[in-house]
Amino acid sequence: MTELIARQVTRELPGPVPVTLVRGIDLEVHPGEFVAITGPSGSGKSSLLYLLGLLDRPTAGTIVMDGLDTTTLTADQAADLRLARLGFVFQFHFLLPEFSAQTNVEIPMRKLGRLDDRAARRRAQELLDMLGLADHRGKRPDQLSGGQRQRVAIARALANDPPVLLADEPTGNLDSHSAQVVFELFRDLAHDQGRSVVAVTHDVQLAALADRRVTLVDGSIVTT
Amino acid sequence: MALPLGLHIALQHLLHRRRQTLVSLLGVSLGVAFFIAIASMMQGFQRDFIARIIDIQPHVIVKDDFREPPRQPVEQVYEGGAVDLRGLKPREETRGIRGARNMLAALDEEPGIHVAPTLSGNILLRFGGKDVSANVTGLVPEQQRKVTHLEKDLIAGTSLDALYTTANGIIIGDGVAKRGGIRMDDLISVVSPVGVVLKMKVVGIFSSGVTLVDNFETYVLLKKAQILQNRANVINRVNVRLDDVEQAAPLAARIERQFGYRAEPWQEQSRNVLGIFVIQNVIMYSTVSAILIVACFGIFNVISTVVFEKTRDIGILKSMGFRDADIRRIFVMEGLMVGILGTLIGWSLGYGIVEFMGTLKFDMEGFVKAQGFILYRTPRHYAISGAMAIVSATLAAWVPARRASRLNPVDIVRGAG
């Protein structure tokens with residue numbers, strides 16, 4: 001499985017007054033490990049997650065995935081790596097509103113092309129069933145509750161069976177019970193399926209469900 | 001079988017904004033349909049006109065005239081010198097083509113070229129107290145047959161040979177007949193500028209369909225024309241017809257070089273009208289382009305709105321692993337779909353309009369006479385209009401598509417919370 005390593009990662013926004021989002025981050029996430037990133041608002045939690053997920057590039061330092069220095073990749077190579085090896089869950093579900101839950105989950109698989117249409121359909125069904133959405137496969141996002149939408153988003157993140165799952169405040173719009181269920185699911189995905197899971201949360205109780213908790217303040221890690 | 005993913009997403013975007021998509025489609029369809037209808041009508045008229053003048057007129061006319069006025073000997077000797085001649089009295093030249101027989105023989109020997117000598121001039125037709133001005137062309141029927149299709153256009157009378165069988169016979173255009181109230185077999189007085197008056201009998205009336213020709217042209221035997229003009233044994237025109245009409249301009253240039261006389265190919269004879277056609281075509285293409293541009297603004301608007309509305313979707317697609325080019329392709333495909341569908345609808349609509357115009361019957365008299373629209377149907381109109389619509393629709397989609405592909409997913413997911 002995949003190991004994710006950040007070495008001395010710094011991200012600075014250029015401008016008349018440069019803003020440092022994260023500074024000198026050293027972090028290792030091992031296969032089968034569930035890491036929670038916590039910290040106050042504006043501490044750089046999401047910025048770090050976007051850097052780990054290759055959505056953003058560090059201005060200094062490196063991010064290594066399975067021995068590959070991802071900072072040397074082109075934008076297209078990074079996109080290909082995201083498609084095949086990374087799954088994202090955001091605070092907002094970001095489901096495509098014109099498509100059913102089933103089709104939303106099928107989209108990453110159809111894009112990757114590893115499975116044929118029939119196999120992709122079957123896997124999407126399995127993922128939705130696993131997340132308790134068997135009766136909601138044909139519904140569009142506006143016909144689902146907040147918790148159901150977020151579970152569809154998780155199913156979509158898992159569609160291409162990525163070894164790394166990254167979640168940015170995935171429970172921000174959920175009630176406490178649904179939030180608990182989601183974090184327990186992340187823990188199971190790490191422990192039972194050997195995935196590396198990194199979740200950003202400001203909820204200390206939820207963070208306690210993770211194997212390890214990393215706290216950021218002003219863009220730097222203060223405890224790990 | 002499922003649609004390709006990009007196409008599937010693009011289609012859903014368009015279906016989601018059904019009303020705007022329909023308006024854009026309508027714009028493209030109307031642009032295409034009007035192009036086909038207008039092009040068919042205008043080119044139909046233009047081609048008909050050209051076909052008629054090629055049919056009825058000689059392809060090259062050699063005139064007893066020079067393109068450049070003859071230069072004075074002193075100007076030839078001191079070329080470029082400070083020579084200024086004033087108060088010159090030009091020499092009275094006897095009009096007519098000198099050495100016409102040699103010219104006719106030389107041209108007649110060449111393959112694919114047919115020649116006929118004529119003498120043209122102005123006359124006045126007097127009938128029933130009414131005077132009608134006209135041009136008279138003296139011709140030799142058996143030679144004239146080879147250079148024009150005058151005989152085919154006879155609507156009264158059957159043959160040019162009637163000029164031989166009737167003493168002082170004349171063939172007139174139906175416009176001339178109408179203006180003078182003249183009918184077949186009428187006896188009319190023909191008065192020439194030199195004062196010769198002949199009583200002539202109408203042995204034929206023709207209708208070429210070209211208004212100018214039908215309203216002013218008359219034909220008599222060459223000998224009679226020479227009598228009318230008081231110019232015995234003179235010809236002032238050599239009419240040339242070619243098997244390959246496209247060779248008219250080079251042949252005219254060659255004749256001018258060889259014989260010195262002005263030789264006008266059919267394009268030059270009808271230069272005014274052909275010039276109007278160019279302007280007409282420019283107006284047509286500009287009008288249709290304007291319609292398509294407006295339609296493209298519609299497409300641009302739809303796709304820009306979709307890009308704006310779908311910013312979050314673009315963010316998630318990119319975070320999922322869609323490349324910039326994939327995103328761009330989705331939105332360009334939307335423009336392409338509107339372009340293709342609009343073209344197909346426009347083709348059907350255009351076909352319908354053209355066929356409808358074809359059923360309309362009315363008398364029209366402009367450069368040519370016709371009963372209803374003269375339409376030219378060609379796949380080229382469909383190909384040009386389709387290509388214009390699809391290319392412009394794609395270009396209209398390209399700008400917002402490029403903007404979409406450049407959106408930074410981090411900015412989107414940060415702003416969406």
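In the predicted model, the interface between the two chains brings 23 residues of chain A into contact with 20 residues of chain B. On the side of chain A that touches chain B, the elements giving two or more residues are α1 (45-52), α2 (75-85) and α3 (101-112) of chain A. The most is given by α2(A), which supplies six residues. Sorted by class, the residues on this side of chain A comprise 13 nonpolar, two polar and eight charged.

Chain A contains an open sheet of six strands, arranged in the order β6-β7-β8-β3-β9-β10, and the pairing in this sheet is mixed. The edges are taken by β6 (86-89) and β10 (220-223) of chain A; each has a single partner strand, so one side of each is left without a neighbour in the sheet. On average, and with direction ignored, neighbouring strands of the sheet are turned by 25 degrees against each other. Strands of a sheet pair through backbone hydrogen bonds, and the pairing can be parallel or antiparallel. Within this sheet, strand β3 (residues 34-38) and strand β8 (residues 196-200) of chain A pair in the parallel sense over four bridges. A:Val35 has A:Val198 in β8(A) as its bridge partner.

Two helices of chain A pack on this sheet. Helix α1(A) touches β3, β7 (164-168), β8 and β9 (212-217) of chain A, and the direction of α1(A) makes about 150 degrees with that of β8(A). Helix α5(A) touches β6 and β7 of chain A, and its direction makes about 170 degrees with that of β6(A).

A:Gln148 is found in helix α5 (residues 146-158) of chain A. With 20 other C-beta atoms within 10 Å, A:Gln148 is buried, because the cut-off for a buried residue is 20 or more such atoms. When its neighbours within four places in sequence are left aside, A:Gln148 is in contact with A:Leu133 and A:His136. A:Gln148 and A:His93 are 55 residues apart along the chain, and their C-alpha atoms are separated by 9.7 Å.

Chain A also has a hairpin, formed by β1(A) and β2(A), with five residues between the strands. Strand β1 (residues 4-13) and strand β2 (residues 19-29) of chain A pair in the antiparallel sense over seven bridges. One of the residues bridged in this way is A:Val9, whose partner in β2(A) is A:Ile25. In the hairpin, A:Gly15 takes a positive phi near 155 degrees. A positive phi, of about 50 degrees, is also found at A:Gln8, although A:Gln8 is not a glycine. A:Gln8 lies in strand β1 of chain A. There are 12 other C-beta atoms within 10 Å of A:Gln8, which is therefore exposed, since the cut-off for an exposed residue is 12 or fewer.

In chain B, the packing of two helices was described. Two packed helices are described by the angle between their axes and by the distance between the axes. For helix α1 (residues 5-16) and helix α14 (residues 324-359) of chain B, the axes come within 9 Å and cross at roughly 55 degrees. This angle makes α1(B) oblique to α14(B). The crossing in which α1(B) passes α14(B) is right-handed. From α1(B), the residues involved are B:Gly6, B:Leu7, B:Ile9, B:Ala10, B:Leu11, B:His13 and B:Leu14, which meet B:Asp326, B:Arg329, B:Ile330, B:Met333, B:Glu334 and B:Met337 in α14(B). By class, this contact has eight nonpolar, two polar and three charged residues.

B:Asn233 lies in the loop between α9 (222-229) and β9 (237-242) of chain B. B:Asn233 is not a glycine, yet has a positive phi of about 60 degrees. B:Ile283 is placed in helix α12 (residues 271-309) of chain B.

Terms used: Residues are numbered from 1 along each chain as its sequence is written. Chains are lettered from A and ligands numbered from 1 in the order in which they are written. This is a predicted model: local features need pLDDT of at least 70, side-chain atom pairs count only at pLDDT 80 or more; totals for chains, interfaces and linings use all residues. Two residues are in contact if their C-beta atoms, placed from the backbone, lie within 7 Å. Ala, Val, Leu, Ile, Met, Phe, Trp, Tyr, Cys and Pro count as nonpolar, Asp, Glu, Lys and Arg as charged, and the others, Gly among them, as polar. Axes are lines fitted to C-alpha atoms, for helices over the stretch in contact, and angles run from 0 to 180 degrees between N-to-C directions. Angles under 35 degrees count as roughly parallel, over 145 as roughly antiparallel, 65 to 115 as roughly perpendicular and the rest as oblique. A crossing is left-handed if the near helix is turned anticlockwise from the far one by less than a right angle, and right-handed if clockwise. Two strands pair if DSSP finds at least two bridges between them.
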